[in-house]
Amino acid sequence: MIAQFFVLSQRGDNIVFRDYRGEVAKGSAEIFFRKVKFWKEDEAEEAPPVFNVDGVNYIHVKVAGLFFVATSRVNVSPSLVLELLQRIARVTKDYLGVLNEDSIRKNFVLVYELLDEVIDFGYPQTTSTEVLKSYVFNEPIVVDAGRLPPLGPAAMFMQGTKRMPGTAVTKSVVATEPGGKKREEIFVDIIEKISVTFSSSGYILTSEIDGTIQMKSYLTGNPEIRLALNEDLSIGRNGSSLYDYRSSSGSGTVILDDCNFHESVHLESFDVDRTLSLIPPDGEFAVMNYRMTQEFKPPFRVTALIEEAGSSRAEVILKIRADFSPNVTANTITVQMPVPSYTMRASFELEAGATGQTTDFKEGSRRLEWNLKKIVGGAEHTLRAKLTFSQEIHGNIAKEAGPVNMNFTIPMYNASKLQVRYLQIAKKSKTYNPYRWVRYVTQANSYVARL
Amino acid sequence: MAPPVSAPKSASPSQPSGKSEVTDLKLQLRQLAGSRAPGADDAKRDLFKRVISCMTVGIDVSPAFSEMVMCSATSDVVLKKMCYLYVGNYARCNPDLALLTINFLQKDCHDQDPTIRGLALRSLCSLRVQNLVEYLVAPLAAGLKDHSSYVRTVAAIGVLKLYHISATMCHDSDFPAALKALMLSDPDAQVVANCLYSLLEIWTQEVANSEEAAREIETLYGKSIIYYLLNRIKDFSEWAQCLVLDLVSKYIPADNNEIFDIMNLLEDRLQHANGAVVLATINVFLHLTMSMTDVHQQVYERIKAPLLTLVGAGSPEQSYAVLCHLHLLVMRAPMLFSSDYKHFYCQFSDPSYVKKLKLEMLTAIANESNTYEIVTELCEYAGNVDVPIARESIRAVGKIALQQYDVNAIVDRLLQFLEMEKDYVTAETLVLVKDLLRKYPQWSHDCIAVVGNISSKSIQEPKAKAALIWMLGEYSQDMMDAPYVLESLVENWEEEHSPEVRLHLLTAVMKCFFKRAPETQKALGAALAAGLADNHQDVHDRALFYYRLLQYDVTVAERVVNPPKQAVSVFADTQSSEIKDRIFDEFNSLSVVYQKPSYLFTDKEHRGPFEFSEDLSNLAIGGDSGDDVIHSAQRYEENDKDLLLSTSDKEENGGPTHNGSSTYSAPSDVNSSLTGLVASSTSQPATFAIDDLLGLGVPDAPALPPPPALSLNAKPVLDPGTFQKKWGQLTVSSSQESTLSIQGVASLTAPQSLIKHMQNNSIQCIASGGQPPNYKFFFFAQKEGSSSFFLVECIVNTASAKAQIKIKADDVSASDAFASLFQSALSNFGSS
């Protein structure tokens, strides 16, 4: 059971503070913040999500730059509390449209209303956006999402895809739009986080896709929905080794290692025709999470080279090639490469005519950083850098540098080839034809090339 | 509803300008109190918001209490809610003023709108004011019978709130019985869940002092209620499902069919997107199958994929909690995960606390088939920019080497680390090479060749320096310049800040002296002189000890300082298997994340009904020793220290003088605590170890014991301190399960009855505790005419009429005879 719940800003201010049981002293928010800010235990510099100070357990998640914290004196299930905190953040977002410090400050009374119903005396009650509607009486004060820095997976649709009205994903489930009528629409996002490690010789050491089908429904009356996936989709691998690349590659079928589903999903027809049927609850939720270790074509090839060029100099060549269709464009690409700790200076040389690219040598963390606004499918980009060292090189400098890490977002691309074949909404009338958005996006989780 | 008018004074309502604000707010509230002017509600809303925002940031706005109450006469729900929130927060410090609110709260409890009724009832119960409890009873009783399920959910938790303000009032009004009735009949699942939350908490609080509470708890964990809940599990919210699953995990099914039924019913819960539900389900599966080794292993295979999916999905925090549980399972049964090693490779984006867990898992699952790849991967991390992780990776490589897989190649890699010439890499590697040499002295030539090239001046870290010095002393005959290196180190005695290093230096010079006396004599003299003048007590004492030893007899000194050594076969585990089992018992709780059993971090009053403490200090001492409290928690802490490193301080005292915590001699020499730890960490297949340790390996009913050939001393004497020490030292010689007769269960209303019975059989109780249905006893007995003791831990579950027995014996050969004697005594219980 939870003793207190609070939301802290990045600077440690209480934005919302709710004491459910009166078991933990009032200063807990300060104790928590100091501990997180100056974490120095076990050689680590980052506080774990769960820790104990003087018999009080502090459990937190970080969402949109805010700390959502629960305290408890009991030996609770950490997963339960963490899931609950995450859910509170999501429900709040459903109501406020945008989740950030400003929106919570402006709507803190509404947030208190929610908290009153979500937890009673430390025990979780309901986290259903829909059920909560009948107990929340405050109207959300909408924060202008346009001038806010984009946050969360919803934000990545803002760039690139013009078909998408920018405000659509940031509207509250309860707010009525100007004109009185609610727009009937539903969003289905297939979001994939990919992890790939390339060896120094360029072959793939490990690869994994963690995907989720996220849904956000603004449909009135909660009609039933059918979501059809690839017909030849198969789940679970028989052999004990999940990393057998020889099998299954090339056959084109999508094989997931495992997946799980939201409560509302009915799986009766899933085994027959790979169709999920559900009555979507209000607000945002994950219909299905899946994991895949089957071989897939990585969107980028990364090659990195570091070579001695004299006794205290070296040259670095970074090359990235986009291995996807020219119709697709990746954006906000960052390539980072740690260099030897005795590097003093770095001078960069971009390819001729490069636009939208910046380079930087981060002296504090001894890292080269290369930012590219976008990369069109099929393109190749190269960066050369000359490093100057404060001492003579000894040993193998390749061992002192790297690995190269890459971050990117590719809208309308998915590495797993998992597809939504169709999205069917039970019709209420002939004229009922809500907007449906099916969107794909791939993000780098850990995209590493070794030297 | 109209948007709130923005306050003229502060732009954002949640950023109060200061403390003078309170006076200002009071004034404005008073002006508005009676106003029925149009727009007054909006103005009030805005004021209330400012009050609440002050409250949030910690400004004391309680002086405005009466003004707030005056303004509360309104039909605006938003205003009402803010007022309730305020009142709930400050009523406790203003009990007299709180009385003012009772009136309107009671009125609201009769409102037409169920939402208002529910809100008012919740606020009323949240006042936490002692002298107002009498006003709670009637609304609560009505609330439990309300036709709106919302009001009933509020009332069910309200009873618990009342209980915390006044337990007697709660019992006098017969609310627990009402809750129980409601729980068994209400159509709304959340009402059922809330009744269950309340009942569990109430009875758990009382279980220590009340037989009724014990009976009630037993009913809650009994078959009929468990089945009632299981049959409608899908009606419950995901959170309430966790509660139900938690309850089920403590249920003891009658037979295997029941176990399979429950597991089949819950199978689809493993596919739930909510990690809390999945973990709660896994907990049920693991606990139900404890006594069925094969099925238990299948469960591991079954839960692997869902766990890995959860690790990949969700926020980093959520995946951390799941990963901690995966870590626990990997540590218990590493070989079941040996082919999944790639899942535990560190990712670039992993926070360091995640990487650390992964490194530990990789270390644990390394075996013949995957060591090469794992070590290759770990070596990649050694050059990592994240220095703590790089260090951790090197240690991991060393640990794998100590596990005896492919040592050959690993030693080569470690030696390559030394060539990287990174300070921390060299430092970590030196410590590892030292440990490796202690285990595999045959590698000394290769290692010494490389280590000899390292300049002692370039090593700064005490641990690494100490390791290097140890090697210089130990292998001084093979390292040409050892005496001279040591000599120069002695010359810089003053600059050596770490006492650990100075201690090692003293010993190393001594060892070197016995091997190469002429070259070392000068250094030894200087070292002893410096040591005697040292202001660190241990250094001084050791120097003096060596000095006198040398004075007394040089050959004796050599035998003490430089005895022939045997290689260390197994390094002690840092955690005892008992602690590990206890953490496993607390699966799906914070214990798993902290890697500590709950009694080490929770206050007594916040422990659950079944987390009865196993350490003797919390049990009633059976003898007359009164206040003799044993700090076993402390003992565990000692065990928690990394023995591998901490013993390095003491190891030089090897041979006959060494103390109990030294790891430096053959197991037969180790006189005390390590035996238990070492034995438990040997490479037995883990699943078998698990089952045996838990005493579940023998599910058969006990056959009639043969006539005991063993006679026991009728009046043995053993004080709790010695018991505790012996218990820590000895290993379990026999572990079995026994069944109690029905009469026995019936007579076991309190621990005393069994204690008395066993006394008649010459078996004495030293400590007992627990609450029904679980009791726990520590017994001891002594062999007639001998000094050897038998120690017994006996856990009795009266619900299942089963007893789990663990026996430790001084004389292991007599253990079986004693076990059957004990069993027969136990099975006779109640029949006399």
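**Exercise 1.** How many residues does the contact take from chain B, and how many from chain A? Describe the interface.

*Solution.* The model is a predicted one.

Step 1. Chain B gives 97 residues to the contact and chain A gives 91 residues.

Step 2. About 8,000 Å² of area is buried between chain B and chain A, and carbon and sulfur atoms give 54% of that area.

Step 3. Turn to the pairs across the interface of chain B and chain A. The rule finds 41 residue pairs in polar contact there, both residues at pLDDT 80 or more. On the side of chain B that touches chain A, helix α8 (residues 149-165) of chain B gives the most, with 7 residues. The residues of that side divide into 40 nonpolar, 33 polar and 24 charged.

Step 4. Across the interface of chain B and chain A there are also 9 salt bridges. One of the salt bridges in the structure joins B:Arg122 to A:Asp120, with the closest N and O atoms 3.6 Å apart.

**Exercise 2.** Where in chain B do B:Glu258 and B:Lys223 lie? Classify each residue by its accessibility.

*Solution.* Step 1. The side chains of B:Glu258 and B:Lys223 meet in a salt bridge of 3.9 Å, N to O.

Step 1. B:Glu258 lies in helix α15 (residues 256-266) and B:Lys223 in helix α13 (residues 223-231) of chain B, and the pair links distant parts of the chain, 35 residues apart.

Step 2. With 6% relative accessibility B:Glu258 counts as buried, whereas B:Lys223, at 46%, counts as partly exposed.

**Exercise 3.** Which strands hold B:Lys806 and B:Glu793?

*Solution.* Step 1. B:Lys806 and B:Glu793 form a salt bridge, their closest N and O atoms being 3.9 Å apart.

Step 1. B:Lys806 is in strand β6 (residues 802-809) and B:Glu793 in strand β5 (residues 789-797) of chain B, so the pair ties together parts that are 13 residues apart in sequence.

Step 2. B:Lys806 is buried at a relative accessible area of 14%, and B:Glu793 is buried at 3%.

Conventions: Residues numbered from 1 in each chain as written. Chains lettered and ligands numbered in written order. Predicted model: local features only at pLDDT ≥ 70, side-chain atom pairs only at ≥ 80, totals over all residues. Heavy atoms only, no water. Contact = heavy atoms within 4.5 Å. Buried area = accessible area lost by both parts, 1.4 Å probe. Salt bridge = Lys/Arg side-chain N within 4 Å of Asp/Glu carboxyl O. Polar contact = N/O pair within 3.5 Å; in protein donor to acceptor, adjacent residues only side chain to side chain. Helix = DSSP H or I, 4+ residues; strand = E, 2+ residues; numbered from the N terminus. Nonpolar A, V, L, I, M, F, W, Y, C, P; charged D, E, K, R; others polar. Buried < 20%, exposed > 50% of the residue type's maximum accessible area, 1.4 Å probe, protein only.
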